[in-house]
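Here are my notes on the model, as numbered points. Please read them with the structure open.

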Amino acid sequence: VFPGMAITTDIIVGFPGETPEEHTESLAFAKAMHFSGAHLFSYSLRPGTSAATLPDQIPAEVKKHRFHEMKAVIAQSERAFAESQLGEALPVLWEQAEREGSLRGLSDNYLHVHTDPALAKPNTLTHTRLLHFQGRRIMAEPIPSLLQR
């Protein structure tokens with residue numbers, strides 16, 4: 001219905017009482033959903049909260065391990081989503097120049113993209129073709145004739 005739509009989520013690993021089976025189920029769910037991104041957290045005890053008094057608190061090393069497993073799943077789906085957008089022309093709001101000599105922007109489906117600062121200006125919106133990866137960065141080229149504000 002919405003081609004190229006980004007679907008993200010927030011995930012907490014290691015909540016009190018989380019069993020190994022539940023964690024495995026969460027990993028499988030995250031894989032099946034193909035999220036374009038996620039905010040990942042390890043549960044941390046907060047005194048005075050209801051969760052702080054729950055039984056079966058998860059040891060720190062187990063939470064750390066589960067966090068890294070989930071992070072790997074999300075990284076794979078983030079990359080797959082970004083790869084699926086290569087070649088597309090998307091609106092990008094150009095934000096700021098980076099130290100490495102590129103201009104960073106954000107597409108309408110929440111992809112961080114980079115271009116040569118000579119091709120676009122901060123605080124402008126242009127249709128932009130997503131070209132390729134340069135390391136972990138998505139390199140793009142504005143198409144000013146389509147849209148520029």
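1. Buried means under 20% relative accessible area, exposed over 50%, and partly exposed in between, with a 1.4 Å probe and protein chains only. On that scale Phe-15 is partly exposed at 37%, whereas Tyr-43 is buried at 9%. Met-5 also counts as partly exposed, at 44%.

2. This is a predicted model, in which local features need pLDDT of at least 70 and side-chain atom pairs count only at pLDDT 80 or more, while totals for chains, interfaces and linings use all residues. Residues are numbered from 1 along each chain as its sequence is written, and side-chain values use heavy atoms, with hydrogens and water left out.

3. Rings of Phe, Tyr and Trp (its six-membered ring) pair if their centres lie within 6.5 Å; planes under 30 degrees apart are stacked, over 60 edge-to-face, the rest tilted. The count by this rule is 2 aromatic pairs. Phe-15 and Tyr-43 have ring centres 5.2 Å apart and planes at 70 degrees, so this pair is edge-to-face. Because Phe-15 lies in the loop between β1 (8-13) and α1 (20-33) and Tyr-43 in the loop between β2 (37-42) and α2 (60-85), the pair ties together parts 28 residues apart in sequence. Helices (H or I, at least four residues) and strands (E, at least two) are DSSP runs, numbered from the N terminus.

4. Arg-79 lies over the face of Phe-133, at 3.5 Å from the ring centre. The rule asks for NZ of Lys or CZ of Arg within 6 Å of the ring centre and within 35 degrees of the ring normal.

5. A nonpolar core is a set of buried Ala, Val, Leu, Ile, Met, Phe, Trp, Tyr and Cys residues joined through side-chain atoms within 4.5 Å. The largest one has 13 residues, and Ala-82, Trp-94, Leu-111, Val-113, Leu-130 and Ile-138 have the most contacts inside it. At least two residues of this core come from each of α2, β3 (89-97), β6 (125-134) and β7, with β3 supplying the largest share, 3 residues. Another core, of 10 residues, lies apart from it and includes Ile-11, Leu-40, Met-70 and Ile-74.

6. Which segment holds Met-5? Met-5 lies in the segment before β1. Met-5 and Phe-35 are 30 residues apart in sequence and 10 Å apart in space, C-alpha to C-alpha.
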